Amino acid sequence: LSVIKGIAYFIDSKGKIIDKARPRMLKSLDLPFLSIPEESSGWDIPSVLGVIDQFRTMFKSKYSISKVILDNYPYFKLFLDNPKYEVLLNMENWESQSKILENLLLDPPSQVAQVQRINLIFPKIFH
(Lines give C-alpha, C1' and ligand atoms only; values in the text may rest on other atoms or scores of the structure.)
Protein backbone atom coordinates (compact mmCIF):
# COMPACT_ATOMS: atom_id res chain seq x y z
CA LEU A 1 0.00 0.00 0.00
CA SER A 2 1.08 3.55 -0.63
CA VAL A 3 -0.55 6.83 0.32
CA ILE A 4 -0.49 9.32 -2.52
CA LYS A 5 -1.95 12.77 -1.89
CA GLY A 6 -3.80 11.43 1.14
CA ILE A 7 -5.39 8.45 -0.66
CA ALA A 8 -4.33 4.81 -0.15
CA TYR A 9 -3.48 2.78 -3.26
CA PHE A 10 -2.34 -0.77 -3.89
CA ILE A 11 0.99 -0.82 -5.70
CA ASP A 12 2.73 -3.61 -7.56
CA SER A 13 6.25 -4.88 -7.00
CA LYS A 14 7.63 -2.09 -9.18
CA GLY A 15 5.80 0.66 -7.29
CA LYS A 16 3.16 1.28 -9.97
CA ILE A 17 -0.40 2.00 -8.87
CA ILE A 18 -2.78 -0.95 -9.27
CA ASP A 19 -6.00 0.35 -7.71
CA LYS A 20 -7.43 2.56 -5.00
CA ALA A 21 -7.56 0.79 -1.62
CA ARG A 22 -11.02 0.90 -0.08
CA PRO A 23 -11.25 1.20 3.75
CA ARG A 24 -13.27 -2.01 4.14
CA MET A 25 -10.67 -3.95 2.16
CA LEU A 26 -7.77 -2.44 4.15
CA LYS A 27 -9.16 -3.77 7.43
CA SER A 28 -9.09 -7.36 6.19
CA LEU A 29 -5.51 -7.26 4.83
CA ASP A 30 -2.19 -7.22 6.69
CA LEU A 31 -0.20 -4.96 4.37
CA PRO A 32 2.31 -2.29 5.42
CA PHE A 33 1.96 1.26 4.17
CA LEU A 34 4.85 2.39 2.00
CA SER A 35 5.62 6.09 2.10
CA ILE A 36 7.61 7.15 -0.96
CA PRO A 37 9.09 10.66 -1.12
CA GLU A 38 7.90 12.76 -4.03
CA GLU A 39 11.46 12.91 -5.25
CA SER A 40 12.23 9.22 -4.95
CA SER A 41 15.46 9.17 -6.94
CA GLY A 42 17.70 6.29 -6.02
CA TRP A 43 14.93 4.07 -4.66
CA ASP A 44 14.36 0.73 -6.33
CA ILE A 45 10.89 -0.23 -5.10
CA PRO A 46 11.31 -3.97 -5.88
CA SER A 47 14.43 -3.98 -3.64
CA VAL A 48 12.47 -2.29 -0.85
CA LEU A 49 9.72 -4.89 -1.17
CA GLY A 50 12.45 -7.55 -1.07
CA VAL A 51 13.66 -6.19 2.27
CA ILE A 52 10.09 -6.38 3.60
CA ASP A 53 9.86 -10.03 2.46
CA GLN A 54 13.24 -10.82 4.04
CA PHE A 55 12.06 -9.23 7.29
CA ARG A 56 8.86 -11.30 7.28
CA THR A 57 10.85 -14.48 6.61
CA MET A 58 13.35 -13.66 9.36
CA PHE A 59 10.76 -12.95 12.05
CA LYS A 60 7.91 -15.19 10.84
CA SER A 61 4.84 -13.82 12.64
CA LYS A 62 6.63 -12.47 15.73
CA TYR A 63 6.82 -8.92 14.34
CA SER A 64 4.79 -7.24 11.66
CA ILE A 65 5.63 -4.11 9.69
CA SER A 66 2.93 -1.47 9.81
CA LYS A 67 4.72 1.21 7.82
CA VAL A 68 7.84 1.75 5.70
CA ILE A 69 9.05 5.31 5.16
CA LEU A 70 11.62 5.91 2.46
CA ASP A 71 13.78 8.93 3.20
CA ASN A 72 16.72 10.35 1.27
CA TYR A 73 18.33 7.34 -0.36
CA PRO A 74 19.65 5.05 1.15
CA TYR A 75 17.90 5.68 4.51
CA PHE A 76 14.52 4.26 5.44
CA LYS A 77 12.43 3.43 8.50
CA LEU A 78 10.40 0.39 9.43
CA PHE A 79 7.63 0.76 11.99
CA LEU A 80 6.77 -2.48 13.78
CA ASP A 81 3.71 -3.46 15.79
CA ASN A 82 3.38 -5.50 18.99
CA PRO A 83 5.62 -4.29 20.51
CA LYS A 84 6.04 -0.98 18.74
CA TYR A 85 9.50 -0.24 17.36
CA GLU A 86 10.93 2.29 14.96
CA VAL A 87 13.92 0.84 13.09
CA LEU A 88 16.22 3.12 11.09
CA LEU A 89 18.08 1.32 8.32
CA ASN A 90 20.42 1.91 5.42
CA MET A 91 19.49 0.12 2.19
CA GLU A 92 23.17 -0.20 1.27
CA ASN A 93 24.03 -2.22 4.38
CA TRP A 94 20.69 -3.89 5.18
CA GLU A 95 22.11 -7.37 4.61
CA SER A 96 24.99 -6.92 7.05
CA GLN A 97 22.81 -5.24 9.68
CA SER A 98 19.91 -7.74 9.53
CA LYS A 99 21.64 -10.18 11.91
CA ILE A 100 22.20 -7.39 14.45
CA LEU A 101 18.53 -6.43 14.16
CA GLU A 102 17.49 -10.04 14.62
CA ASN A 103 19.59 -10.31 17.81
CA LEU A 104 18.28 -7.02 19.21
CA LEU A 105 14.64 -7.95 18.62
CA LEU A 106 14.70 -11.61 19.57
CA ASP A 107 17.19 -11.42 22.44
CA PRO A 108 17.45 -7.83 23.70
CA PRO A 109 20.20 -6.97 26.21
CA SER A 110 18.86 -7.18 29.76
CA GLN A 111 20.74 -4.01 30.78
CA VAL A 112 18.67 -1.88 28.40
CA ALA A 113 15.20 -0.64 29.24
CA GLN A 114 12.40 -1.30 26.75
CA VAL A 115 13.80 -0.15 23.43
CA GLN A 116 11.50 1.83 21.13
CA ARG A 117 13.96 2.95 18.45
CA ILE A 118 16.81 1.01 16.85
CA ASN A 119 19.26 2.88 14.63
CA LEU A 120 21.23 0.65 12.24
CA ILE A 121 22.08 3.15 9.52
CA PHE A 122 25.84 2.98 10.00
CA PRO A 123 28.08 0.43 8.28
CA LYS A 124 28.86 -2.86 9.94
CA ILE A 125 31.88 -2.77 12.24
CA PHE A 126 34.38 -5.53 11.54
CA HIS A 127 35.97 -7.34 14.50
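These legends describe close-up views of a predicted model.

**View 1. The largest nonpolar core.** This core has 25 residues. Those with the most contacts inside it are F55, V68, F76, L78, L80, L101 and L105. Helices α2 (45-59) and α3 (94-106) each supply at least two residues of the core. So do strands β5 (64-70), β6 (75-81), β7 (85-90) and β8 (117-120). The largest share, 6 residues, comes from α2. In soluble globular proteins, nonpolar side chains tend to be buried together.

**View 2. The contacts of F55.** Which residues does F55 touch, not counting residues up to four places away in sequence? They are Y63, I65, L78, L80, W94, L101 and L105. Among them, L78, L80, L101 and L105 are, like F55, listed with the most contacts inside the core.

**View 3. The two faces of β8.** I118 and L120 form the covered face of β8. R117 and N119 form the uncovered face. In a regular strand the side chains alternate between the two faces of the sheet.

**View 4. The pairing of β7 with β8.** These two strands run in the parallel sense and pair over 4 bridges. E86 stands opposite R117 in β8. R117 belongs to the uncovered face of that strand.

View 5. M25 lies in helix α1 (residues 23-28). Is M25 buried or partly exposed? Its relative accessible area is 40%, so M25 counts as partly exposed. A patch residue needs over 30% relative accessible area, and M25, at 40%, has that.

Notes: Residues numbered from 1 in each chain as written. Predicted model: local features only at pLDDT ≥ 70, side-chain atom pairs only at ≥ 80, totals over all residues. Heavy atoms only, no water. Buried < 20%, exposed > 50% of the residue type's maximum accessible area, 1.4 Å probe, protein only. Core = buried A, V, L, I, M, F, W, Y, C linked by side-chain atoms within 4.5 Å. Contact = heavy atoms within 4.5 Å. Pairing = 2+ DSSP bridges.
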